[in-house]
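Subject: A structure for you, with notes on its disulfides

Hi,

Here is the structure I promised to pass on. Please open it beside this email and follow along.

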Amino acid sequence: MAGCLSDDPNMDGVATMTEGTTTATTNGPGNGPGGTLDDTGTDTQTTAPTDGPNPTGEPEGTTIYDIQMGSVAPGTVVTLTDLVVVSPVQANDGAVFLQEAEGGQYSAIYAYLYADVVMGVPLSPGDRVTVTGTYDEFFNESQLTIASPTDITVGGTSPIPAPLEVSTADVVAGAADAESYEGVPVCVHDVTATDATNQYGDFHIDDGMAVTNFFLFGTPDFLEVLPGTYFATLCGPIRFSFDEFKLAPRDADDYDATLVDCADAATPVSIYEIQQGMVTVGDLVLVEDVVVTTPWDFGGDTYWVQDPAGGAYSGISVYMPSAGAFVPSPGDVVTLCGEYDEYFDQSQLQIAAAGDVTASGNGPVPAPEMLTAEDLGSDPPAEQWEGVLVRIGPTTVTTAANMFGEWEVDDVLLLDDLFFMMASWPNPAVDTMYTSITGVLTYSFNNYKLAPRTAADIVP
């Protein structure tokens with residue numbers, strides 16, 4: 001995100017810049033040759049000649065400093081020489097971070113590589129490269145798009161610039177100098193996680209600074225943290241996404257963490273207490289001896305549990321992105337340790353690791369509560385049954401399946417294929433009657449929905 005520059009100890013003699021202007025630096029890294037200032041302080045050389053040796057449209061000698069400080073217009077094709085690769089390639093997103101060898105603020109950028117580039121030009125941290133690409137602002141993150149393997153040349157290796165030492169308050173949205181660290185590897189020290197890793201692989205540390213598992217997904221180094229996890233050191237390049245600056249550790253060498261033992265830090269509570277508003281969102285909780293009522297959902301990361309006594313407010317969803325060896329089976333008696341959250345208004349326990357689930361046997365699943373579609377289709381009566389195993393019927397299909405495969409019964413309640421492959425999910429015609437339908441009541445996209453677990457839950 002190219003932006004504004006104020007007093008900057010790493011950029012001696014730099015003139016103030018505002019995003020979208022063509023103001024140039026007077027000296028220091030990032031001052032390309034040939035730039036001169038007129039009496040208004042504006043760079044009078046903003047584009048290269050259209051003929052001659054540099055037809056790409058950017059000033060000769062353009063650097064990452066120029067891009068990140070606002071002197072290059074979005075959409076400009078640039079050639080950047082003698083950069084250092086400072087991250088692994090995140091192959092799923094075609095992402096790598098490149099940095100000027102001199103380092104410092106404004107010195108690095110996120111590069112988006114087409115698949116042919118990822119496959120055709122293997123890159124490793126420390127590679128010295130010259131690249132040609134298109135600079136743009138992608139959702140306010142400065143990016144260099146490299147479209148062809150011929151647009152990147154590897155010319156040996158180079159020492160990786162040392163990460164900048166910063167405080168957490170330096171790198172949060174709204175901080176005076178946060179913009180200057182975008183793309184740049186930084187380190188913070190003696191910090192603590194203030195929430196658990198969420199569904200997107202993000203969590204927060206002191207002062208609201210965000211951390212992302214962008215490079216760590218699918219690796220043993222993935223940071224699945226709980227509130228209170230202590231980091232003696234935490235390093236990585238800074239991304240900007242979803243309105244937050246996010247530190248992105250590249251591997252286990254980028255952090256020194258002391259993980260929290262969930263059971264020691266959590267507060268024992270019941271599902272009833274959670275569902276009746278007696279527990280604060282974000283609390284670390286221990287829920288003991290509850291019964292699994294469903295298998296994994298189709299996505300393979302969520303299942304439901306219920307207090308064996310049943311009744312209103314007795315069920316809740318459990319989100320476990322790192323399942324490990326645990327496979328939920330209806331009837332399992334489990335003790336869960338995790339963070340309580342409201343995920344788009346659905347109550348949820350977020351489990352950080354398989355070791356935070358302890359199974360102590362298998363027994364009967366609580367009997368489903370006998371209710372009507374009207375009981376479950378809208379607030380306030382439905383809220384008490386969210387997460388609970390329920391049964392309705394007889395019932396009649398009143399609306400055919402929509403584009404998401406959901407169909408409605410009795411003009412009020414949606415049926416959801418949460419546990420089904422599409423090919424095995426019923427697509428009944430309007431006026432089809434069912435003797436009974438059993439499932440857990442879920443909540444998503446502002447609707448309560450009944451989710452049968454298997455075909456046996458849908459009785460003609």
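Below is what turned up when I looked at the disulfides.

Please keep in mind that this is a predicted model. As a quick reminder, a disulfide is a covalent bond between the sulfur atoms of two cysteines. How many disulfides does the count come to? The count comes to two.

Let's begin with C187 and C235. Their sulfur atoms lie 2.0 Å apart, so the pair counts as a disulfide under the cut-off of 2.5 Å. The angle about the S-S bond is 105 degrees, and this link is right-handed. Distant parts of the chain are joined here: C187 sits in strand 8 (residues 185-192) and C235 in strand 11 (residues 230-241), 48 residues apart. Both C187 and C235 are buried.

Now find C262 and C337, which are also joined by a disulfide, with an S to S distance of 1.9 Å. This link is left-handed, with -95 degrees about the S-S bond. It too ties together distant parts of the chain, since C262 belongs to helix 3 (residues 262-265) and C337 to strand 18 (residues 332-343), 75 residues apart.

Are C262 and C337 buried or exposed? C262 has a relative accessible area of 2%, and C337 has a relative accessibility of 3%. Buried means under 20%, so C262 is buried, and so is C337.

One last thing to trace on your screen: with the bonded cysteines numbered in sequence order, the pairing reads 1-2, 3-4.

Happy exploring!

Note on methods. Residues are numbered from 1 along each chain as its sequence is written. This is a predicted model: local features need pLDDT of at least 70, side-chain atom pairs count only at pLDDT 80 or more; totals for chains, interfaces and linings use all residues. Side-chain values use heavy atoms; hydrogens and water are left out. Helices (H or I, at least four residues) and strands (E, at least two) are DSSP runs, numbered from the N terminus. Buried means under 20% relative accessible area, exposed over 50%, partly exposed in between (1.4 Å probe, protein chains only).
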